[in-house]
Amino acid sequence: MTSPQLHKLLTSAALSLAAGVMFFTNIAQASEMKPEVRLEYVALHLPDGSTDFVPKSKFSADTLRGIQLVASQKFSEGKKLLQRQAENGDEAARCVLGIMQIRGVGFRKNVQAGLEQIEQTAQNGFTRGYYYLSYISAFTQFSVEQSQQWAIKGAERGDFSALTEMASNFFNIAQGSDSSLRLSKEQALRYGMKFAKEAAKRGSQTGYNQVAATCRDHLKVFGNDAVDILRELQPLFADATNHLIVILAELERYEESLELALKCPEDPNAQYIAGTLYLQHVSPQSNLQKGLEHMKKAAEMGFRPAIWFWILFYENPSSQLPHISGLNPTPSESRRLTITLAASGDNAAKAYLARYYYEGFGGEQNIGKAAKLLQEVFSDESTYCPHAEQYYWQWKRLARNGDATAQEFIREFTAIGGKEPPSRIKDPSLR
(Lines give C-alpha, C1' and ligand atoms only; values in the text may rest on other atoms or scores of the structure.)
Protein backbone atom coordinates (compact mmCIF):
# COMPACT_ATOMS: atom_id res chain seq x y z
CA MET A 1 0.00 0.00 0.00
CA THR A 2 2.80 2.40 0.89
CA SER A 3 6.51 2.16 0.33
CA PRO A 4 8.39 0.49 3.20
CA GLN A 5 10.13 3.76 4.06
CA LEU A 6 6.92 5.80 4.17
CA HIS A 7 5.21 3.07 6.19
CA LYS A 8 8.10 3.14 8.67
CA LEU A 9 7.88 6.91 8.99
CA LEU A 10 4.10 6.93 9.31
CA THR A 11 4.26 4.19 11.93
CA SER A 12 6.45 6.50 13.99
CA ALA A 13 3.62 9.03 13.92
CA ALA A 14 0.90 6.63 15.05
CA LEU A 15 -1.30 7.96 17.85
CA SER A 16 -1.74 6.28 21.22
CA LEU A 17 -5.26 4.93 21.35
CA ALA A 18 -7.16 2.67 23.64
CA ALA A 19 -9.92 0.31 22.90
CA GLY A 20 -12.10 -1.43 25.42
CA VAL A 21 -11.71 -5.17 25.97
CA MET A 22 -14.39 -7.52 27.20
CA PHE A 23 -13.79 -10.80 29.00
CA PHE A 24 -16.09 -13.76 29.27
CA THR A 25 -16.18 -16.77 31.58
CA ASN A 26 -18.37 -19.82 31.97
CA ILE A 27 -20.22 -20.99 35.05
CA ALA A 28 -17.62 -23.60 35.93
CA GLN A 29 -14.86 -20.98 35.88
CA ALA A 30 -17.01 -18.62 37.92
CA SER A 31 -17.62 -21.28 40.57
CA GLU A 32 -13.88 -21.85 40.92
CA MET A 33 -13.08 -18.16 41.38
CA LYS A 34 -12.36 -16.62 44.71
CA PRO A 35 -15.58 -15.09 46.09
CA GLU A 36 -14.39 -11.50 45.74
CA VAL A 37 -13.55 -12.11 42.08
CA ARG A 38 -16.68 -14.11 41.31
CA LEU A 39 -18.80 -11.15 42.43
CA GLU A 40 -17.66 -9.28 39.34
CA TYR A 41 -19.42 -11.73 37.01
CA VAL A 42 -22.99 -12.61 36.23
CA ALA A 43 -22.46 -16.35 36.11
CA LEU A 44 -25.76 -16.98 34.38
CA HIS A 45 -25.68 -18.90 31.14
CA LEU A 46 -27.62 -17.13 28.48
CA PRO A 47 -29.17 -19.40 25.82
CA ASP A 48 -26.01 -19.32 23.71
CA GLY A 49 -23.93 -20.65 26.57
CA SER A 50 -22.11 -17.40 27.30
CA THR A 51 -22.04 -15.35 30.47
CA ASP A 52 -21.91 -11.62 30.72
CA PHE A 53 -19.35 -9.46 32.46
CA VAL A 54 -20.87 -6.99 34.89
CA PRO A 55 -19.29 -3.91 36.48
CA LYS A 56 -19.38 -4.50 40.23
CA SER A 57 -20.12 -0.83 40.82
CA LYS A 58 -23.56 -1.16 39.21
CA PHE A 59 -24.79 -3.73 41.73
CA SER A 60 -25.55 -3.52 45.45
CA ALA A 61 -23.85 -5.91 47.86
CA ASP A 62 -27.03 -7.96 48.38
CA THR A 63 -27.69 -8.22 44.65
CA LEU A 64 -24.11 -9.34 44.08
CA ARG A 65 -24.63 -11.90 46.84
CA GLY A 66 -27.72 -13.18 45.00
CA ILE A 67 -25.70 -13.42 41.79
CA GLN A 68 -23.00 -15.33 43.65
CA LEU A 69 -25.56 -17.81 44.98
CA VAL A 70 -26.91 -18.42 41.49
CA ALA A 71 -23.34 -18.79 40.21
CA SER A 72 -22.85 -21.48 42.86
CA GLN A 73 -26.02 -23.17 41.53
CA LYS A 74 -27.98 -22.34 44.70
CA PHE A 75 -30.77 -21.14 42.45
CA SER A 76 -33.63 -21.08 44.93
CA GLU A 77 -31.70 -19.19 47.61
CA GLY A 78 -30.29 -16.75 45.08
CA LYS A 79 -33.70 -16.17 43.52
CA LYS A 80 -35.29 -15.36 46.90
CA LEU A 81 -32.60 -12.83 47.74
CA LEU A 82 -32.85 -11.19 44.32
CA GLN A 83 -36.66 -11.07 44.53
CA ARG A 84 -36.45 -9.39 47.93
CA GLN A 85 -34.07 -6.84 46.49
CA ALA A 86 -36.36 -6.27 43.52
CA GLU A 87 -39.35 -5.74 45.81
CA ASN A 88 -37.33 -3.07 47.59
CA GLY A 89 -36.86 -1.20 44.31
CA ASP A 90 -33.49 -2.61 43.21
CA GLU A 91 -33.79 -2.51 39.41
CA ALA A 92 -30.45 -4.29 38.97
CA ALA A 93 -31.82 -7.29 40.88
CA ARG A 94 -34.98 -7.18 38.76
CA CYS A 95 -32.80 -7.20 35.65
CA VAL A 96 -30.93 -10.32 36.84
CA LEU A 97 -34.27 -12.03 37.47
CA GLY A 98 -35.19 -11.24 33.87
CA ILE A 99 -32.00 -12.92 32.70
CA MET A 100 -32.87 -15.95 34.84
CA GLN A 101 -36.28 -16.14 33.16
CA ILE A 102 -34.65 -16.09 29.74
CA ARG A 103 -32.37 -18.92 30.77
CA GLY A 104 -34.99 -20.86 32.71
CA VAL A 105 -33.06 -20.77 35.99
CA GLY A 106 -35.39 -20.75 38.99
CA PHE A 107 -38.27 -19.96 36.64
CA ARG A 108 -40.14 -21.63 33.83
CA LYS A 109 -38.23 -20.48 30.76
CA ASN A 110 -39.95 -17.46 29.20
CA VAL A 111 -37.74 -15.45 26.88
CA GLN A 112 -40.32 -12.78 26.04
CA ALA A 113 -41.26 -12.15 29.67
CA GLY A 114 -37.55 -11.93 30.59
CA LEU A 115 -36.86 -9.42 27.83
CA GLU A 116 -39.83 -7.30 28.86
CA GLN A 117 -38.63 -7.28 32.47
CA ILE A 118 -35.12 -6.25 31.49
CA GLU A 119 -36.50 -3.50 29.27
CA GLN A 120 -38.62 -2.23 32.15
CA THR A 121 -35.58 -2.03 34.44
CA ALA A 122 -33.74 -0.07 31.76
CA GLN A 123 -36.62 2.36 31.40
CA ASN A 124 -36.69 2.71 35.19
CA GLY A 125 -33.10 3.91 35.22
CA PHE A 126 -30.94 0.78 35.23
CA THR A 127 -29.49 1.62 31.83
CA ARG A 128 -27.16 -1.37 31.96
CA GLY A 129 -30.27 -3.32 30.99
CA TYR A 130 -29.95 -1.96 27.47
CA TYR A 131 -26.61 -3.72 27.18
CA TYR A 132 -28.18 -7.03 28.19
CA LEU A 133 -30.97 -6.54 25.68
CA SER A 134 -28.41 -5.69 23.02
CA TYR A 135 -26.25 -8.68 23.88
CA ILE A 136 -29.17 -11.11 23.92
CA SER A 137 -30.50 -9.77 20.63
CA ALA A 138 -27.15 -10.25 18.91
CA PHE A 139 -25.95 -13.52 20.37
CA THR A 140 -29.13 -15.43 21.17
CA GLN A 141 -31.68 -14.01 18.74
CA PHE A 142 -29.08 -13.36 16.03
CA SER A 143 -30.38 -9.91 15.16
CA VAL A 144 -27.54 -7.40 15.02
CA GLU A 145 -29.93 -4.71 13.81
CA GLN A 146 -32.18 -5.15 16.86
CA SER A 147 -29.08 -5.33 19.06
CA GLN A 148 -27.93 -1.96 17.78
CA GLN A 149 -31.35 -0.41 18.36
CA TRP A 150 -31.27 -1.47 22.01
CA ALA A 151 -27.74 -0.12 22.42
CA ILE A 152 -28.74 3.20 20.86
CA LYS A 153 -31.60 3.50 23.34
CA GLY A 154 -29.04 3.20 26.13
CA ALA A 155 -26.92 5.94 24.54
CA GLU A 156 -29.98 8.17 24.28
CA ARG A 157 -30.33 7.78 28.05
CA GLY A 158 -26.69 8.86 28.49
CA ASP A 159 -25.15 5.37 28.85
CA PHE A 160 -22.79 4.55 25.98
CA SER A 161 -21.58 1.26 27.46
CA ALA A 162 -23.99 -0.89 25.45
CA LEU A 163 -22.63 0.52 22.19
CA THR A 164 -18.97 0.46 23.15
CA GLU A 165 -19.03 -2.94 24.85
CA MET A 166 -20.94 -4.53 21.98
CA ALA A 167 -18.33 -3.04 19.67
CA SER A 168 -15.65 -4.68 21.81
CA ASN A 169 -17.49 -8.00 21.64
CA PHE A 170 -17.44 -7.96 17.84
CA PHE A 171 -13.84 -6.80 17.70
CA ASN A 172 -12.91 -9.71 19.96
CA ILE A 173 -14.73 -12.09 17.63
CA ALA A 174 -12.65 -10.66 14.77
CA GLN A 175 -9.55 -11.57 16.79
CA GLY A 176 -10.70 -15.17 17.16
CA SER A 177 -12.93 -15.23 20.25
CA ASP A 178 -15.63 -17.91 20.26
CA SER A 179 -19.11 -16.81 19.32
CA SER A 180 -22.49 -18.31 18.54
CA LEU A 181 -22.50 -16.07 15.45
CA ARG A 182 -20.77 -17.49 12.42
CA LEU A 183 -18.94 -14.39 11.27
CA SER A 184 -15.90 -13.82 9.12
CA LYS A 185 -13.23 -11.49 10.46
CA GLU A 186 -14.41 -8.73 8.13
CA GLN A 187 -18.06 -9.17 9.14
CA ALA A 188 -17.16 -8.97 12.83
CA LEU A 189 -15.04 -5.87 12.27
CA ARG A 190 -17.78 -4.13 10.34
CA TYR A 191 -20.42 -4.97 12.96
CA GLY A 192 -18.09 -3.69 15.68
CA MET A 193 -17.51 -0.51 13.70
CA LYS A 194 -21.28 0.09 13.43
CA PHE A 195 -21.63 0.07 17.22
CA ALA A 196 -18.48 2.11 17.87
CA LYS A 197 -19.43 4.70 15.26
CA GLU A 198 -22.88 5.16 16.78
CA ALA A 199 -21.25 5.82 20.15
CA ALA A 200 -18.74 8.24 18.65
CA LYS A 201 -21.44 10.15 16.76
CA ARG A 202 -23.06 10.81 20.12
CA GLY A 203 -19.84 12.16 21.62
CA SER A 204 -18.41 9.02 23.28
CA GLN A 205 -14.62 9.28 23.53
CA THR A 206 -14.37 5.51 24.02
CA GLY A 207 -16.42 4.93 20.90
CA TYR A 208 -14.24 7.34 18.94
CA ASN A 209 -11.07 5.64 20.18
CA GLN A 210 -12.47 2.31 19.00
CA VAL A 211 -13.30 3.78 15.59
CA ALA A 212 -9.90 5.40 15.12
CA ALA A 213 -7.93 2.36 16.27
CA THR A 214 -9.97 0.00 14.07
CA CYS A 215 -9.59 2.24 11.02
CA ARG A 216 -5.85 2.37 11.61
CA ASP A 217 -5.29 -1.30 12.44
CA HIS A 218 -7.61 -2.76 9.80
CA LEU A 219 -7.20 -0.37 6.91
CA LYS A 220 -7.12 -3.26 4.44
CA VAL A 221 -10.68 -4.10 5.47
CA PHE A 222 -12.13 -0.59 5.58
CA GLY A 223 -10.05 1.11 2.89
CA ASN A 224 -11.62 4.36 1.71
CA ASP A 225 -14.57 3.76 4.04
CA ALA A 226 -12.21 4.65 6.89
CA VAL A 227 -11.72 8.10 5.37
CA ASP A 228 -15.47 8.68 5.14
CA ILE A 229 -16.01 7.52 8.73
CA LEU A 230 -13.31 9.79 10.15
CA ARG A 231 -14.44 12.76 8.10
CA GLU A 232 -17.90 12.36 9.57
CA LEU A 233 -16.39 12.49 13.07
CA GLN A 234 -14.00 15.38 12.42
CA PRO A 235 -16.36 18.05 13.79
CA LEU A 236 -16.62 16.14 17.09
CA PHE A 237 -13.04 15.00 17.73
CA ALA A 238 -10.02 17.19 17.13
CA ASP A 239 -7.50 14.41 16.55
CA ALA A 240 -9.65 12.82 13.81
CA THR A 241 -7.71 15.10 11.47
CA ASN A 242 -4.42 13.51 12.50
CA HIS A 243 -5.82 10.05 11.87
CA LEU A 244 -7.11 11.18 8.49
CA ILE A 245 -3.71 12.54 7.51
CA VAL A 246 -2.03 9.22 8.27
CA ILE A 247 -4.74 7.05 6.70
CA LEU A 248 -4.89 9.10 3.50
CA ALA A 249 -1.13 8.67 3.14
CA GLU A 250 -1.39 4.93 3.81
CA LEU A 251 -4.03 4.74 1.07
CA GLU A 252 -1.60 6.53 -1.26
CA ARG A 253 -3.88 9.55 -1.45
CA TYR A 254 -0.80 11.69 -0.93
CA GLU A 255 -2.04 15.03 -2.22
CA GLU A 256 -5.12 14.90 0.02
CA SER A 257 -3.02 13.91 3.01
CA LEU A 258 -0.56 16.73 2.36
CA GLU A 259 -3.32 19.31 1.86
CA LEU A 260 -4.80 18.37 5.23
CA ALA A 261 -1.41 18.34 6.98
CA LEU A 262 -0.58 21.81 5.71
CA LYS A 263 -3.74 23.13 7.36
CA CYS A 264 -2.30 22.15 10.76
CA PRO A 265 0.87 24.29 11.06
CA GLU A 266 0.97 24.06 14.86
CA ASP A 267 0.56 20.28 15.02
CA PRO A 268 3.95 18.51 15.13
CA ASN A 269 2.51 15.20 13.92
CA ALA A 270 0.98 16.91 10.88
CA GLN A 271 4.21 18.78 10.15
CA TYR A 272 6.16 15.54 10.38
CA ILE A 273 3.86 13.82 7.89
CA ALA A 274 3.93 16.83 5.57
CA GLY A 275 7.71 16.62 5.61
CA THR A 276 7.60 12.88 4.97
CA LEU A 277 5.26 13.30 2.00
CA TYR A 278 7.34 16.06 0.43
CA LEU A 279 10.52 14.03 0.88
CA GLN A 280 9.10 10.71 -0.28
CA HIS A 281 6.16 11.11 -2.64
CA VAL A 282 5.18 14.61 -3.69
CA SER A 283 7.90 15.62 -6.19
CA PRO A 284 10.72 14.89 -3.71
CA GLN A 285 13.51 16.26 -5.93
CA SER A 286 11.89 19.69 -6.30
CA ASN A 287 10.35 19.74 -2.82
CA LEU A 288 13.45 18.74 -0.85
CA GLN A 289 13.73 22.06 0.97
CA LYS A 290 10.01 22.14 1.78
CA GLY A 291 10.20 18.65 3.20
CA LEU A 292 13.22 19.46 5.34
CA GLU A 293 11.58 22.68 6.59
CA HIS A 294 8.53 20.77 7.80
CA MET A 295 10.72 18.12 9.42
CA LYS A 296 12.70 20.86 11.15
CA LYS A 297 9.53 22.51 12.43
CA ALA A 298 8.24 19.20 13.83
CA ALA A 299 11.59 18.58 15.53
CA GLU A 300 11.63 22.07 17.03
CA MET A 301 8.23 21.28 18.54
CA GLY A 302 9.85 18.33 20.30
CA PHE A 303 8.31 15.59 18.12
CA ARG A 304 10.62 12.63 18.66
CA PRO A 305 10.17 10.87 15.31
CA ALA A 306 11.23 14.12 13.63
CA ILE A 307 14.22 14.49 15.96
CA TRP A 308 15.27 10.95 15.09
CA PHE A 309 14.92 11.76 11.40
CA TRP A 310 17.45 14.56 11.82
CA ILE A 311 19.83 12.48 13.95
CA LEU A 312 19.95 9.79 11.28
CA PHE A 313 19.90 12.28 8.40
CA TYR A 314 22.86 14.22 9.76
CA GLU A 315 24.73 10.96 10.34
CA ASN A 316 24.02 9.53 6.90
CA PRO A 317 21.57 11.39 4.60
CA SER A 318 21.15 8.44 2.26
CA SER A 319 19.73 6.33 5.12
CA GLN A 320 16.69 8.61 5.15
CA LEU A 321 16.61 9.82 1.54
CA PRO A 322 18.26 7.14 -0.63
CA HIS A 323 16.59 8.54 -3.76
CA ILE A 324 18.31 11.93 -3.41
CA SER A 325 22.05 12.15 -4.07
CA GLY A 326 24.64 14.77 -3.25
CA LEU A 327 23.70 15.28 0.41
CA ASN A 328 26.55 15.44 2.90
CA PRO A 329 26.51 14.22 6.52
CA THR A 330 26.90 16.66 9.41
CA PRO A 331 28.31 14.55 12.28
CA SER A 332 28.47 17.39 14.82
CA GLU A 333 24.75 18.14 14.40
CA SER A 334 23.83 14.48 14.71
CA ARG A 335 25.82 14.31 17.92
CA ARG A 336 24.33 17.55 19.30
CA LEU A 337 20.75 16.33 18.82
CA THR A 338 21.60 12.92 20.25
CA ILE A 339 23.08 14.49 23.39
CA THR A 340 19.88 16.52 23.90
CA LEU A 341 17.63 13.50 23.40
CA ALA A 342 19.76 11.27 25.62
CA ALA A 343 19.60 13.88 28.40
CA SER A 344 15.80 13.52 28.34
CA GLY A 345 16.13 9.84 29.23
CA ASP A 346 15.74 8.31 25.76
CA ASN A 347 17.60 4.98 25.95
CA ALA A 348 17.92 4.60 22.18
CA ALA A 349 19.59 8.02 22.06
CA LYS A 350 21.92 6.96 24.89
CA ALA A 351 22.92 3.90 22.86
CA TYR A 352 23.62 6.00 19.77
CA LEU A 353 25.57 8.52 21.82
CA ALA A 354 27.61 5.69 23.33
CA ARG A 355 28.59 4.67 19.80
CA TYR A 356 29.47 8.25 18.90
CA TYR A 357 31.76 8.50 21.96
CA TYR A 358 33.24 5.07 21.18
CA GLU A 359 33.97 6.01 17.56
CA GLY A 360 34.69 9.70 18.11
CA PHE A 361 31.90 10.47 15.64
CA GLY A 362 31.03 14.17 15.53
CA GLY A 363 33.39 15.11 18.38
CA GLU A 364 35.72 13.74 21.03
CA GLN A 365 36.31 10.04 21.56
CA ASN A 366 35.56 9.10 25.19
CA ILE A 367 35.41 5.38 25.96
CA GLY A 368 34.54 6.01 29.61
CA LYS A 369 31.41 7.97 28.64
CA ALA A 370 30.45 5.25 26.16
CA ALA A 371 30.68 2.62 28.90
CA LYS A 372 28.67 4.73 31.35
CA LEU A 373 25.89 5.33 28.84
CA LEU A 374 25.47 1.64 28.02
CA GLN A 375 25.56 0.81 31.72
CA GLU A 376 22.67 3.27 32.24
CA VAL A 377 20.67 1.67 29.44
CA PHE A 378 21.18 -1.87 30.77
CA SER A 379 20.25 -0.75 34.28
CA ASP A 380 16.82 0.35 33.06
CA GLU A 381 14.90 -2.92 33.00
CA SER A 382 11.67 -1.20 31.91
CA THR A 383 12.80 -0.95 28.30
CA TYR A 384 14.65 -3.14 25.81
CA CYS A 385 17.15 -1.36 23.60
CA PRO A 386 18.41 -3.67 20.83
CA HIS A 387 20.99 -1.17 19.57
CA ALA A 388 22.66 -1.03 22.97
CA GLU A 389 22.92 -4.80 23.12
CA GLN A 390 24.19 -4.97 19.55
CA TYR A 391 26.96 -2.47 20.28
CA TYR A 392 27.97 -4.21 23.50
CA TRP A 393 28.29 -7.68 21.98
CA GLN A 394 29.98 -6.32 18.88
CA TRP A 395 32.57 -4.51 20.97
CA LYS A 396 33.07 -7.53 23.23
CA ARG A 397 33.75 -9.71 20.18
CA LEU A 398 36.23 -7.12 18.90
CA ALA A 399 37.90 -7.08 22.32
CA ARG A 400 38.36 -10.85 22.20
CA ASN A 401 39.97 -10.41 18.80
CA GLY A 402 42.48 -7.94 20.20
CA ASP A 403 40.98 -4.56 19.26
CA ALA A 404 42.50 -2.01 21.66
CA THR A 405 39.53 0.37 21.70
CA ALA A 406 37.10 -2.45 22.41
CA GLN A 407 39.33 -3.82 25.15
CA GLU A 408 39.42 -0.38 26.78
CA PHE A 409 35.61 -0.25 26.62
CA ILE A 410 35.27 -3.64 28.36
CA ARG A 411 37.70 -2.52 31.09
CA GLU A 412 35.78 0.74 31.65
CA PHE A 413 32.41 -1.05 31.63
CA THR A 414 33.60 -3.64 34.16
CA ALA A 415 35.19 -1.00 36.38
CA ILE A 416 31.90 0.85 36.89
CA GLY A 417 30.05 -2.36 37.73
CA GLY A 418 28.34 -2.67 34.37
CA LYS A 419 26.00 -5.65 34.15
CA GLU A 420 26.34 -7.67 30.97
CA PRO A 421 23.03 -7.79 29.07
CA PRO A 422 21.36 -11.05 28.00
CA SER A 423 22.48 -12.25 24.60
CA ARG A 424 19.37 -11.63 22.49
CA ILE A 425 21.21 -10.72 19.28
CA LYS A 426 20.36 -13.35 16.70
CA ASP A 427 23.40 -12.80 14.47
CA PRO A 428 26.17 -14.99 16.01
CA SER A 429 28.84 -12.88 14.33
CA LEU A 430 27.90 -10.01 16.65
CA ARG A 431 28.32 -12.03 19.86
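## An exposed glycine in a loop

G176 is found in the loop that connects α10 (161-174) with α11 (185-201). The model described here is a predicted one. With a relative accessibility of 55%, G176 counts as exposed, because the exposed class begins over 50%. The C-alpha atoms of G176 and A188 are 9.9 Å apart in space, and the two residues are 12 apart in sequence.

## Overall composition

The protein has 431 residues, of which 50% count as buried. Its secondary structure comprises 25 helices and two strands. The protein exposes about 20000 Å², and carbon and sulfur atoms supply 48% of that area.

Contacts across the sequence can also be summarised. Among contacts between residues at least 6 apart in sequence, 58% join residues at least 24 apart. A separate pair, E408 and I367, is 41 residues apart in sequence, with a C-alpha to C-alpha distance of 7.1 Å. E408 lies in helix α25, which covers residues 404-415, and E408 counts as partly exposed at 31% relative accessibility.

## The nonpolar core

The largest nonpolar core contains 126 residues. Within this core, F170, V211, W310, L374 and F409 touch the most other members.

Which residues does V211 touch, if those up to four places away in sequence are not counted? The partners of V211 are M193, A196, K197, A200, I229, L230 and L233.

## The pair α6 and α7

Two packed helices are described by the angle between their axes and the distance between the axes. For helix α6 (residues 91-103) and helix α7 (residues 111-123), the axes come within 7 Å and cross at roughly 165°. The two helices are therefore roughly antiparallel to each other, since angles over 145 degrees fall in that class. The crossing of α6 and α7 is left-handed.

On the α6 side, the residues that meet α7 are E91, R94, C95, L97, G98, I99, Q101 and I102. Their counterparts in α7 are V111, A113, G114, L115, Q117, I118 and T121.

## The pair α15 and α16

Helices α15 and α16 pack with their axes 7 Å apart, at an angle of about 155°. At that angle, α15 and α16 are therefore roughly antiparallel to each other. Their crossing is left-handed. From α15, the contact involves T241, L244, I245, L248 and A249, while α16 contributes Y254, E256, S257, L260 and A261.

The loop between α15 (240-250) and α16 (254-262) holds E252. E252 is partly exposed, with a relative accessible area of 44%.

## Positive phi values in loops

Most residues other than glycine have a negative phi. Against this background, two loop residues deserve mention. E252, a residue other than glycine, has a positive phi near 65°. F142 is likewise not a glycine, and its phi is positive at about 60°.

Where does F142 lie? F142 is placed in the loop between α8 (128-139) and α9 (144-156).

Technical notes:
Residues numbered from 1 in each chain as written. Predicted model: local features only at pLDDT ≥ 70, side-chain atom pairs only at ≥ 80, totals over all residues. Heavy atoms only, no water. Core = buried A, V, L, I, M, F, W, Y, C linked by side-chain atoms within 4.5 Å. Buried < 20%, exposed > 50% of the residue type's maximum accessible area, 1.4 Å probe, protein only. Contact = heavy atoms within 4.5 Å. Helix = DSSP H or I, 4+ residues; strand = E, 2+ residues; numbered from the N terminus. Areas by Shrake-Rupley, 256 points an atom, 1.4 Å probe, with all protein chains shown as cover. Axes fitted to C-alpha atoms, helices over the stretch in contact; angles between N-to-C directions. Parallel < 35°, antiparallel > 145°, perpendicular 65-115°, else oblique. Left-handed = near helix turned anticlockwise from the far one by under 90°.
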